[in-house]
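User: I would like to learn how to read aromatic pairs in a protein model. Please take me through them step by step.

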Amino acid sequence: MTQTPVTARSTQDPPQRLLSGKKRVLASAFAGTTIEWYDFYLYGTAAALIFNVQFFPSDSELGSRLASFATLAVGFFARPLGGIVAGHLGDRVGRKALLVVSLLSMGTASTLIGLVPNFDAIGWWAAVSLVVLRIVQGLSAGAEWGGSALLSVEHAPARRRGLFGSFTQIGSAAGMLLATSSFFLVQNLMSDEAFEAFGWRIPFLASALLVALGLWIRLGVSDAPEFQELKDSGKVAKAPLREVLTAHPRVLLVTIGLRLAQNSVFYLITVYMLSYLAENRGDSTSGVTAVMIASAVGLVTGPAWGWASDRIGRKPVTIFGLIGIAVFGWFFFAFLDAGPLGLLPLVVILGMNLAHDAVYGPQAAWFAEQFPIEVRYSGVNMGYQLGTVIGGGIMPMVAALLYVAGGHSPWLICGYLTLLCALSLIAAIGAKDPARALARTAA
């Protein structure tokens, strides 16, 4: 009996079945990345608020803060390795299988972080345990984004890739919203003593429940017909990473460059701002509240920018966002030093939702469009994760050092962010933009 080809089978499915399948894919992209980033961002919030005290006691406040931010950076340095392994297997085996593994490993690591005794209990073994679990988080995050982005984009109609891909992107906003909300709740419902003693652990332990929900959604999704055809034909790349490095080095550099400014401003706002306000304004809650509000707004602005990139192209939308980030950095720190903190949510919305999301919203689709399908997972993962390490992973630590080097003034931080914006702008100009060509033909 002859088996019906995948393409024929997919075109003969009833419209209701196709629609239901695409909704499940979008739900999987959103829920899976939300849970992954909830776990990953929990660490960033805790690193800014509590880990310096719990795990890295020191006579120097700067030393404790740098040690805490250094463990945050460790997770980012592990992400490229996770991306390499996941990219190789994802290009050969499939996207879905890697996404299930990444979700399980991230949830396990986060739950265990909530159980690690602090420095007073087991000494430096506490810090070692934290670093090991952070590395597991980094490996998991390195696998997650590329697979989720490709699963959503490869299931999308050609003229709606930006919108479909944005569901992976808003998982980041939703994860940040959950992470900051959980810390906001435990901080406000508990005394400072209870929060430092055990309250900060509750958000990490809650990860186990979220992972169970994410797995239920994700296990019901299959790889896109485009990839399944490639796999059935036996034409998968034998060494996809090597092919990316030898045949597509320019495209890889473009994707790395596109991550620099966007990821840097994100971690300036969501991590470094928290410790900056605590040190300079004696306020440890306004920043968390502002990030929480902006994350909620991002659930709308992310898809909006993805949709806009489908209509006018990825390049003009991204260039607008990069110029906005460069201008925002200078205004942002001037406000943090002297502005009324009651207006901080509005300022963070300008930076996160107007500028940052214009770059981030279309990113899943734009990265996927840069690489051919046989090496797409490897290429997308490598560009995304390397850009993340150079851009965001070290940003809180670099910012802390630049602040001291600038005479306890943020002007060097602003200059550094402006430089990253210039590099990202060069990458955006050099990237191919098939969505813009489609938009022109539609017009």
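Predicted model: local features only at pLDDT ≥ 70, side-chain atom pairs only at ≥ 80, totals over all residues.

User: How is a pair of aromatic rings described?

Analyst: Two values are used, the distance of the centres and the angle of the planes. The structure holds 14 aromatic pairs. One of them joins Phe 328 and Phe 332, with 5.0 Å centre to centre and 25 degrees between the planes. That pair is stacked, since planes under 30 degrees apart count as such.

User: Where do Phe 328 and Phe 332 lie in the chain?

Analyst: Both belong to helix α16, residues 314–338. They are four residues apart, so about one helical turn separates them.

User: Are Phe 328 and Phe 332 buried or exposed?

Analyst: Both are buried.

User: What kind of pair do Phe 367 and Tyr 384 form?

Analyst: Theirs is edge-to-face, at 6.2 Å centre to centre with 75 degrees between the planes. Phe 367 lies in helix α18 (residues 363–368) and Tyr 384 in helix α19 (residues 376–393), so this pair ties together parts 17 residues apart in sequence. Phe 367 is buried, its relative accessible area being 0%. Tyr 384 is buried too, with a value of 1%.

User: Which charged end sits over the ring of Tyr 384?

Analyst: That of Arg 259, 3.6 Å from the ring centre.

User: Which residues do ring pairs link into a cluster?

Analyst: The cluster consists of Tyr 272, Tyr 276, Phe 328, Phe 332, Phe 333 and Tyr 403. The stacked pair of Phe 328 and Phe 332 thus has both its residues in this cluster.

Terms used:
Residues numbered from 1 in each chain as written. Heavy atoms only, no water. Phe/Tyr/Trp six-rings, centres within 6.5 Å; stacked < 30°, edge-to-face > 60°. Helix = DSSP H or I, 4+ residues; strand = E, 2+ residues; numbered from the N terminus. Buried < 20%, exposed > 50% of the residue type's maximum accessible area, 1.4 Å probe, protein only. Lys NZ or Arg CZ within 6 Å of the ring centre and 35° of its normal.
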